[in-house]
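This text goes through the structure part by part. It begins with the contact between domains and then turns to single strands, a helix and some loop residues.

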Amino acid sequence: MLTVTSLSKQYDNGVKALNNIELQIGKGMFGLLGPNGAGKSSLMRTLATIQAPDSGYIQFNDINVLNRPHALRRVLGYLPQEFGVYPRVSAFRLLDYLAVLKGIHNKNVRHKKVNELLEQTNLLNHKHKSVATFSGGMVRRFGIAQALIASPELIVVDEPTAGLDPQERNRFYSLLSEVSENATLILSSHIIEDIEGLCSNLAIINNGKVVNQGGISSLSNVLGGKVWQAQTNEQQVSQWQKVFSFLSVKSIGAERFVRVLADIPPTPDFYAVPPNLEDVYFAALANQGQEAK
C-alpha cells in the first residue's frame, strides 16, 4: 500500500506544483489523469525520490519514503517522461549494467532476465544496436524494460505511451496489465483512453490538487442521469456555450456533438447518454474552476 499524506511542493519560481495531495493506492494499476502542467510529473518525481516535497508524508508498505529513499529505490521501477540513454552502448549491455545496479549479480539469471524484457518490449532483434540510434518509440520501449528489470514492487510510469504506435501501445498495455498483478503500478497520463483502458481506480489532478478520485465505475455512476448530448452546428454551439455547462464538443464534418451536465435536458434537442470517464474528467475540472471563482 502506498499512502500519500498532505504532500506539497512549491518551486523557486513560485509555482505550487503539489497542493496538499492525499492518496491511498493498493496493488494493481492506478491512473493519474490530468492536463499538461497539472502537477502529475511533479508527483511522479516526488514518489520516485527524485525530488523532496516541502511538506507531507509518503509511506510504501513498511518504508517511510522521505526518511529512507534508498530503501524505496531498491523496490522501485521508474519510467520518467524524458528518458536519456548512454551513447554508443548496446541495448543488451546497458540493460545488463542497469540490472547489476539493481542488485542482480548472478550473470546467468541477469542475462535471462535482460533477454526476456527485450523480447517483451519487442527489442530483442535490436539488442546489439546502440540505444542512442533508436527511434523515439524504441527508446520509450527500452525505458519500459529498464523500469521492470528487478521485478519492482512499486512501478511509476509517467506518460508512457508517448511516441508509441498503436501496435506498440497495445503490447505495452498487455505488459503493464501483466506486471501490475503483483505490484503497485501508477500510470500518469493526460490521455483519457490510456487510463480508461487499463485502470479501475484513478485520481484526477489539476493545478496541483486532487480534484476527484475513486473507482472509474463509481465516479461515472455519480453522473448518471445528468449527462445529455445533442447534435448541432457551430453557430448553435456558440449560443449554447453561453448558458449551458459544457462537458465536451466533438466535430464530425460540419456536425457538432455537444455533451452537457444538467439535472434535466437543457432543450428538447438533448437526449440522455451514459456517462464515461471523459465526462467525469471534464466535470471535475469544471467544478474546480467554479470553486476558484
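Domain 1 and domain 2 bury about 900 Å² between them, and 72% of this area is on carbon and sulfur atoms. Buried area here is the accessible area (1.4 Å probe) that two parts lose on being put together, summed over both. Ile192, Ile204 and Val211 supply 46% of what domain 1 buries against domain 2, more than any other three residues. The model is predicted, so local features need pLDDT of at least 70 and side-chain atom pairs count only at pLDDT 80 or more, while totals for chains, interfaces and linings use all residues. Residues are numbered from 1 along each chain as its sequence is written, and side-chain values use heavy atoms, with hydrogens and water left out.

The two domains span residues 2–214 (domain 1) and 220–292 (domain 2), with bounds that come from an automatic or database domain assignment. Their C-alpha centres lie 34 Å apart. In the interface, 13 residues of domain 1 are in contact with 8 residues of domain 2, where contact means heavy atoms within 4.5 Å. Between the domains there are 0 salt bridges (a side-chain nitrogen of Lys or Arg within 4 Å of a carboxyl oxygen of Asp or Glu). The rule finds 1 residue pair in polar contact across the interface, both residues at pLDDT 80 or more. A polar contact is a pair of N or O atoms within 3.5 Å; within protein, one must be able to donate a hydrogen and the other to accept it, and residues adjacent in sequence count only if both atoms are side-chain atoms. On the side of domain 1 that touches domain 2, helix 7 (192–198), strand 9 and strand 10 each supply at least two residues. Helices (H or I, at least four residues) and strands (E, at least two) are DSSP runs, numbered from the N terminus.

The loop between strand 9 (201–206) and strand 10 (209–215) holds Asn207. Asn207 has a positive phi near 50 degrees, in a residue other than glycine, and is exposed with a relative accessible area of 52%. Buried means under 20% relative accessible area, exposed over 50%, and partly exposed in between (1.4 Å probe, protein chains only). Ser151 also takes a positive phi, about 50 degrees, and is not a glycine. Ser151 sits in the loop between helix 5 (136–147) and strand 7, and counts as exposed at 52% relative accessibility.

Strand 7 (residues 154–158) has 5 of its 5 residues buried. In a regular strand the side chains alternate between the two faces of the sheet. Leu154, Val156 and Asp158 point one way from strand 7, and Ile155 and Val157 the other way. Strand 6 (residues 76–79) runs parallel to strand 7 and is joined to it by 4 bridges; two strands pair if DSSP finds at least two bridges between them. Gly77 has Ile155 as its bridge partner in strand 7. Strand 8 (residues 184–189) pairs with strand 7 in the parallel sense over 5 bridges, and Thr184 is the bridge partner of Leu154.

Another sheet is open, with 4 strands in the order 12-13-11-14 and antiparallel pairing. Its edge strands, strand 12 (246–252) and strand 14 (271–272), each pair on one side only. Strand 11 (residues 227–232) and strand 14 share 2 bridges, and Trp228 stands opposite Ala272.

Helix 1 (residues 40–47) is mostly covered, with 7 of its 8 residues buried. Just after helix 1, Thr49 takes a positive phi of about 65 degrees.
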